Every structure is written in structure tokens, then in C-alpha cells.
Amino acid sequence: MQAITVKDRDAGVSGLALSELPHPHAAENDVIVKVHAAGFTPGELTWPATWTDRAGRDRTPSVPGHELSGVVTELGYGTTGLTVGQRVFGLADWARDGSLAEYVAVEARNLAPLPADVDHVTAAALPISGLTAWQALFDHAHLLTGQSVLVHGAAGGVGSLAVQLAREVGARVIGTGRAADRDTALGLGADTFVDLQAERLEDIGEVDVVFDVIGGEILERSAALVRPGGTLVTIAEPVTVRPRDAHAVFFVVEPDRTRLAHLAQRLRDGRLKPIIGAVHPLTEATSAFTPAKRTPGRTIIRVTED
């Protein structure tokens with residue numbers, strides 16, 4: 001099968017190559033998925049799990065990409081809950097070969113059924129961004145109706161979904177980003193928007209929840225905005241400056257079949273819409289990691305035509 005691989009950790013993006021690999025093996029409780037569309041995170045080439053397995057052993061050449069949508073073609077021993085021919089979407093394991101390939105072996109529990117009326121490209125943009133937004137707002141920050149939430153990067157892949165989910169539960173949403181992101185964030189449901197390059201973040205006042213995807217100075221300045229009893233949640237880096245009399249959480253997204261199903265239902269109902277940017281074939285996936293120009297929305301790799 002064809003797949004995008006990396007072999008040299010020091011080479012970074014320039015080490016990506018389109019390669020021929022053996023068909024993956026379905027271990028116990030695995031399924032083999034014929035990948036129709038896949039998503040990736042540009043920074044994953046710096047993640048240790050891209051290069052080593054769970055025991056710390058070198059596993060190159062490895063296949064990047066962790067979001068996928070496709071069709072089950074094979075069941076491993078003991079696998080239940082899914083069937084051959086079923087449309088699915090979800091997360092490939094962090095420390096195993098990923099989704100930028102024609103076929104991938106995935107733990108069945110990391111996948112959810114994909115409704116027939118949701119296309120694969122849209123579904124592939126949802127697992128990491130959707131689960132991250134959900135877990136940040138509801139599992140870690142316990143956001144409630146009537147509370148206020150500050151969402152950094154409100155027009156990005158994760159932030160745009162966080163804005164929509166927070167708005168749906170009746171929270172007051174303040175989005176941040178670049179000036180060019182203002183209309184997008186407000187169109188998604190943000191009540192107000194702050195241009196981080198031209199407006200003062202501190203003028204927002206206190207909020208119940210801050211959801212940060214940027215890190216650095218923005219994360220540090222945001223700590224002072226969390227009111228007592230509130231929560232600062234970040235996926236960018238461990239928290240070093242903690243809010244006074246409030247909680248601070250740094251987390252990495254976890255697979256969740258039940259939540260994926262809830263997100264898919266919201267797609268079908270029109271309550272949730274991922275922002276899709278560029279869509280490339282697998283043969284152009286290497287250049288998609290370093291695009292010539294910034295494209296709003298998630299970049300998706302179309303591996304197989306529907």
C-alpha cells in the first residue's frame with residue numbers, strides 16, 4: 001500500500017516521503033480501515049510517539065496522521081462492536097502507524113460509526129479538534145449554561161468547534177485571534193471578539209473559563225482573567241502561572257467513542273460545522289505539512305475517492 005512515512009527525526013518535514021509499505025496487520029481488538037480521508041497535526045513530527053513505540057523502541061519508518069474516516073475491511077481477533085463494510089471515523093493510536101496511508105490498523109474502541117450522510121472529508125476534520133474542544137469545555141472546565149468562556153484561537157480547528165459547543169450550551173463566548181478571524185468567530189456564535197494584535201486582552205474582565213490553544217505569553221496573561229472558582233484549560237503546554245483561587249489544567253486529548261458519536265450527531269443536525277481548508281490527495285501530503293500560504297480551516301488529505 002502507499003503511505004506517507006518519516007525515517008529521520010532530524011530531517012523534520014523534509015524527511016516526509018511517499019512510500020510503499022506492507023498491508024497492516026490487525027492485532028487483537030483491532031480493525032483494519034481503508035482510509036478515505038485523513039487529518040494530521042503539523043507539530044506531530046516533534047512528538048516522541050511519532051518515532052518510538054510505547055516501550056520506547058524506534059519504530060521508523062513510521063506513518064504520521066491520527067485522524068481518519070473510512071471503511072472497515074478486516075476485524076482482528078476478539079474485535080466487537082464494528083463490522084466489515086461499516087463506515088467509521090476516529091483516532092489512530094499515538095504510538096502506532098497513523099492515517100496518512102491507504103490502510104491503517106486501529107483499536108476498535110478508538111472508532112465510532114459514521115452516519116451515511118456525513119462525508120469522509122468532513123468526518124476526518126472532527127476527531128482531534130472535536131474531542132479536544134469537548135473534553136476541555138465539559139470534562140475539565142465543567143462549563144455550564146450562563147457562564148462565560150474565553151476561547152483563544154476561535155477561528156482555528158479546535159477553537160472554532162469550542163465556540164460552537166460553548167454557544168450551544170448557552171455560555172457567553174469571547175473569541176480571540178487575528179483581525180482577519182473576527183467575522184469567522186462571530187459567525188460561529190462568539191458574542192464578542194478580541195484581536196490579540198491590536199486590542200488589550202486584559203480589557204475582557206473576569207471569565208469563568210479560559211480555553212487556551214496558543215500557550216506562551218497569552219497563556220500566562222490569561223491566568224489573571226479567571227475568576228475565583230473558574231478554570232484555565234490549555235492544550236499548548238503545562239501551566240506555569242496559575243490563576244488565583246481557580247483551577248488550571250493541561251491535558252492531551254483521549255479517544256472516546258461515545259463523544260465521537262455525539263459529535264457526529266451534531267454534524268448531522270447542523271449544530272456543528274468544522275472549518276475545512278485545503279484538501280489534498282495523498283501524493284501531495286508532504287507539501288501539505290508546509291503550505292506556501294496560510295489557509296483558514298483544517299487541511300485534510302483525501303486518500304480514497306468516495
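Pocket rule, before anything else: on a 1 Å grid over the protein atoms alone, a pocket is an open set of points with protein on both sides within 12 Å along at least five of seven lines, and lining residues have an atom within 4 Å of a point. Points are joined across faces, edges and corners, and a volume is the space filled by probe spheres set on them.

**Ground rules.** I'm working on a predicted model, where local features need pLDDT of at least 70, side-chain atom pairs count only at pLDDT 80 or more, and totals for chains, interfaces and linings use all residues. Residues are numbered from 1 along each chain as its sequence is written, and side-chain values use heavy atoms, with hydrogens and water left out.

**Largest pocket.** I looked up the volume and got about 1500 Å³. The lining has 45 residues, with Thr41, Pro42, Gly157, Val158 and Arg298 nearest the centre. Elements supplying at least two lining residues each include α2 (127-140), α3 (157-168) and β15 (298-302). Helices here are DSSP runs of H or I with at least four residues, strands are E runs of at least two, and both are numbered from the N terminus.

**Second largest pocket.** I find about 180 Å³ here. Pro24, Arg96, Asp97, Val104 and Ala105 lie nearest the centre, out of 15 lining residues.

**Cavity.** A cavity is a set of points where a 1.4 Å probe fits but cannot get out. I count 1 of 30 Å³ or more. Its lining includes Gly157 and Arg298, both of which also turned up nearest the centre of the largest pocket. Helix α3 gives the most to the cavity lining, 3 residues.

**Core.** I took a nonpolar core as buried Ala, Val, Leu, Ile, Met, Phe, Trp, Tyr and Cys residues joined through side-chain atoms within 4.5 Å, buried being under 20% relative accessible area with a 1.4 Å probe, protein chains only. The largest one has 43 residues, and Phe89, Leu137, Leu143, Val149, Val151 and Leu165 touch the most other members. Helix α2 has the largest share, 7 residues.

**Strands.** Pairing needs at least two DSSP bridges. I see β11 (207-212) and β12 (226-234) parallel over 5 bridges, with Val210 bridged to Leu232. Next, β12 pairs with β13 (247-250), also parallel, over 4 bridges; there Thr231 partners His247.

Terms used
Buried < 20%, exposed > 50% of the residue type's maximum accessible area, 1.4 Å probe, protein only.
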